[in-house]
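Work through the exercises below with the sequence and the 3D structure at hand. Each task is followed by a solution in steps.

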Amino acid sequence: MKQVPKVIFGRGSFKKLTDVLSGYRKDGYIIFFIDHAHEETGLVNSVPSEEGDLVFVIDTSSHEPKTDQIDKLRDSVLQTKACNLPGLIVGIGGGSTMDISKAVSIMLTNDGSSQLYQGWDLVKNAPIPKMGIPTLSGSGSEASRTAVLSSVDKKYGINSDQSMFDIVMMDPDLLEHVTGSQRFFTGMDCYIHDVEASEGSFINSFGMAYAQQSLELCTKVFLKEGGTNEDLMVASYLGGASVTNSEAGVVHAMSYGISLVLGYRHAIANCIVFRQLEEFYPKHVPVFFKMLELNNIKLPDNVTKSLSDDEMSSMIKMTYRMERPLLSALGENWKDILNEKKLEKIYSKM
Ligand code: NAD
Ligand code: ZN
């Protein structure tokens, strides 16, 4: 399995970004995608852009990455630069901004809409090299082989080795301004990646080592046993690597339905689903309840209460598209174990 070939880790690393980038400038200009939260934190002003570079501040407040958003960004780059391609793309932010940078790196060298590449191993041409700099930990996008995008009727990743970063910089100082609830929700995405990867049948010893270490660090943080932002940042990376070496499971399969139909952000959608899945993850859901309590987090209730029949059936359809995670979690008979009636019953409890 492909790994990120170069990782820079440690407090203060971001200050060395100019030096790191100098090695890539010979290949062309650089595109920076940075989360809009950094207009407030001030990090936008520390981006070492030079003349000819492009800086896009990404507003992630209203929605997570969409295919038409990626296509527009790609078109805008090609138009501004008269089709002159960059030497490097740098994504600075949470899973959304990192996934945008991954997807644009692919779409600058592959024809058509990004919708064409949602699925497994559909990318044809090598992408522009890319660097991920997480400023929110948990998604594991920094270590994963996917860039998750929503289109009109599906939420699906561009699952490909071409989605992996060529270089990742992890500076725990960049997590300083993340709010408590955001830190918790995205942190739980990591916890859930670890649980699903380790409990799934697609796991091997390599992936298990990542998953177990990540689980340990993540619980140390959220059970308040002395875990630090360093621990969380490492947990997120290892969690991404664990899924890359296994698969997601029932939580992600069902949470994609919640996000697609009800618009809940990925990390919250996962939590809404996870608390109903003790039957599938009996060891881990009780720990999750404890973490909710210790971190004073209240999840939204009755989110599926006013769902129409059509919406419920779209959610079920979306879940069934997640064949690989369901196969890993439940085995060959996954469609019998999680039949439509059962899915509807679980969704109705949320
Ligand atoms: P996000 O990137 O959507 O960010 C959530 C919020 O946190 C945003 O409002 C953002 O402005 C804010 N934020 C980010 N950094 C901050 C900082 N340092 N200080 C203050 N605020 C900050 O959240 P996320 O949970 O990291 O990512 C979710 C996205 O990642 C979803 O689209 C999901 O599908 C995707 N995802 C991808 C993978 C993958 O492997 N590629 C895995 C899991 C999830
Ligand atoms: Zn996830």
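**Exercise 1.** Locate Ser 13 relative to the secondary structure, and state whether Ser 13 is buried or exposed.

Solution. Step 1: Ser 13 sits in the loop between β1 and α1, where helices (H or I, at least four residues) and strands (E, at least two) are DSSP runs numbered from the N terminus. Step 2: the relative accessibility of Ser 13 is 4%, so the residue counts as buried; buried means under 20% relative accessible area, exposed over 50%, and partly exposed in between (1.4 Å probe, protein chains only). Step 3: leaving aside neighbours within four places in sequence, Ser 13 is in contact (heavy atoms within 4.5 Å) with Ile 8, Met 169, Met 170 and Asp 171. Step 4: Met 170 is 157 residues from Ser 13 along the chain, yet their C-alpha atoms are separated by 7.3 Å.

The model is predicted: local features need pLDDT of at least 70, side-chain atom pairs count only at pLDDT 80 or more, and totals for chains, interfaces and linings use all residues. Residues are numbered from 1 along each chain as its sequence is written, chains are lettered from A and ligands numbered from 1 in the order in which they are written, and side-chain values use heavy atoms, with hydrogens and water left out.

**Exercise 2.** Give the strand order of the open sheet and name its edge strands.

Solution. Step 1: the six strands follow the order β1-β9-β6-β4-β2-β3, with parallel pairing; two strands pair if DSSP finds at least two bridges between them. Step 2: β1 (6-9) and β3 (54-58) are the edge strands, each pairing on one side only. Step 3: on average, neighbouring strands are turned by 15° against each other, direction ignored. Axes here are lines fitted to C-alpha atoms, for helices over the stretch in contact, and angles run from 0 to 180 degrees between N-to-C directions. Step 4: inside the sheet, β2 (residues 30-35) and β4 (residues 88-93) are joined by five bridges, and Phe 33 has Gly 91 as its bridge partner in β4.

**Exercise 3.** Work out which parts of the chain the salt bridge between Arg 25 and Asp 53 ties together.

Solution. Step 1: a salt bridge is a side-chain nitrogen of Lys or Arg within 4 Å of a carboxyl oxygen of Asp or Glu; the whole structure has 16. Step 2: Arg 25 and Asp 53 meet at 2.8 Å, N to O. Step 3: Arg 25 is in the loop between α1 (17-22) and β2, and Asp 53 in the loop between α2 (37-41) and β3, so the pair ties together parts 28 residues apart in sequence. Step 4: Asp 53, at 12% relative accessibility, is buried. Step 5: elsewhere, Arg 11, Asp 173 and Glu 230 are linked in a network of salt bridges.

**Exercise 4.** Identify atoms of Thr 60, Thr 135 and Lys 155 that lie close to ligand 1.

Solution. Step 1: a polar side-chain atom of Thr 60 is 3.2 Å from an oxygen atom of ligand 1. Step 2: a polar backbone atom of Thr 135 is 2.8 Å from a nitrogen atom of ligand 1. Step 3: an N or O atom in the Lys 155 side chain is 3.3 Å from an oxygen atom of ligand 1.

Note on methods: Polar contact = N/O pair within 3.5 Å; in protein donor to acceptor, adjacent residues only side chain to side chain.
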